[in-house]
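Hi,

Here's the structure I promised to pass on. Have a look at it first, and then read on for what turned up.

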There are 2 protein chains.
Amino acid sequence: MSRPMASPASRQNLSVEDWARAALDAIAAGGLDAVAVEPLARRLGVTKGSFYWHFANREALIRAALELWERQETDDILDRVEPEPDPYARIVKLFKQANASYRSGRLYLAIAAGEDSPVVSPFVRRVSERRMNYLQECYRDLGFEASQARHWARFAYATFMGNLQIRRDTPEAMPTGPEFNQYLRLMISTLIPRTVAAGDSEQHPHVVSMHAGSSQ
Amino acid sequence: MSRPMASPASRQNLSVEDWARAALDAIAAGGLDAVAVEPLARRLGVTKGSFYWHFANREALIRAALELWERQETDDILDRVEPEPDPYARIVKLFKQANASYRSGRLYLAIAAGEDSPVVSPFVRRVSERRMNYLQECYRDLGFEASQARHWARFAYATFMGNLQIRRDTPEAMPTGPEFNQYLRLMISTLIPRTVAAGDSEQHPHVVSMHAGSSQ
DNA sequence: CTTGCACCATACGCTGGCGTATTGATAGAC
DNA sequence: GTCTATCAATACGCCAGCGTATGGTGCAAG
């Protein structure tokens, strides 16, 4: 993609966001430690001289990258899931989405691995809690009382995360094709109980189907 | 092998295993990159001169640490869980154990974060697959057919891992006290369907049925 | 044209960690 | 009491990455 280019003749210089994007790529590929100024500069075809014009130091770059990441994560949820009126279908969508993008999963795990850093932890916490809160809302919409909804949300979220980890650490253990769909159906039907104590009106004849496998 | 003198007045020199243990501590505290020769030596009250007598290089230390880790993980499972005859109780024990030791959880996550490294990945895979296989056996003992048992094992293991991650990344989101027990009960009762254990009569009870068999 | 600004290159010093080489210390064997 | 193997200290060279200082270049406005 090309640069914003607000004015007529624009230069093709690097922007802060270009660096942030490159940093996220580096994180997904090699963890937070892979965010090194000089290697990144090389990859972008420039030298450190460029970097230190845009950023005060390495930490500022990491911060910018994490801000970009947080924005993307938030947008993803809102854009792709929010419009769905049915809470059951919303959770299913979340599940599918969580298992769809290999890269975003790697990113999350890599960033979360740097939780100890005071720079990283606020971002991880915000993103995680936002997701869990969103899940909790879904369960509440399913008719669960707040405390139970929180338990289910945590449970489901843990399963999300664990699947990411399995996919990264032992991809052979993750099935593909129809067997994966079977696996998905098992988790979904288990994690979204449709028998809520109170007035349970409707049954959902949802069919879970998706293209399995690892994408980029 | 082992130390030269088993007699009373033993020297207080460092052994390979001392270094490996210290390395594991470092990993749990700061990730694999925290396994640095000189800092570790300082922490052990010696200099690099000692280290390079015991190990060829840093990678050898990491390998030794991971071997120790793998051994410990294996022993843990065998010692604490194996003697339990009831498969249901075995899974429960696994679950409780997985949530018990904060350190071992951190260790696992930290090591798994280095999956990309060719040194690390074999260890992570062996440990993960061994655990999942063990879980699968438990589910088979519960009466599940192999494929379904594998699905449930993966599911349960993912939840294990995810809980570890939540505990590390957003500890506030993890309840304590009675509320945690409630949470635990929810997960256990959900992840271990007991439909089989009730009747001992059936040889291959297809608990699988849930409600998935029909919709397509 | 020249001035100012935005962006980048180059060159430098600094630090921390890896690995090696050499020497030093100590305990047990003889 | 010497000798030797085992373990550790010291000193060195090396490299990668951070951060700084300073100079260079293109472009747009005046």
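Helix 3 of chain B gives the largest share of the surface near DNA strand D, with four residues. By "near" I mean that a residue's C-beta atom, placed from the backbone, lies within 6 Å of the strand; helices (H or I, at least four residues) are DSSP runs, numbered from the N terminus. Keep in mind that this is a predicted model, where local features need pLDDT of at least 70, side-chain atom pairs count only at pLDDT 80 or more, and totals for chains, interfaces and linings use all residues. Residues are numbered from 1 along each chain as its sequence is written, while chains are lettered from A and ligands numbered from 1 in the order in which they are written.

Back to the DNA: helix 2 (37-44) and helix 3 (48-54) of chain A also supply at least two residues each.

Now for the two chains. Their contact (C-beta atoms, placed from the backbone, within 7 Å) takes 37 residues from chain A and 37 residues from chain B. On the chain A side, helix 7 (121-141), helix 8 (146-169) and helix 9 (177-191) each give two or more residues, and helix 8 gives the most, with 14 residues.

How do the copies relate?

Cheers

Notes:
Contact = placed C-beta atoms within 7 Å.
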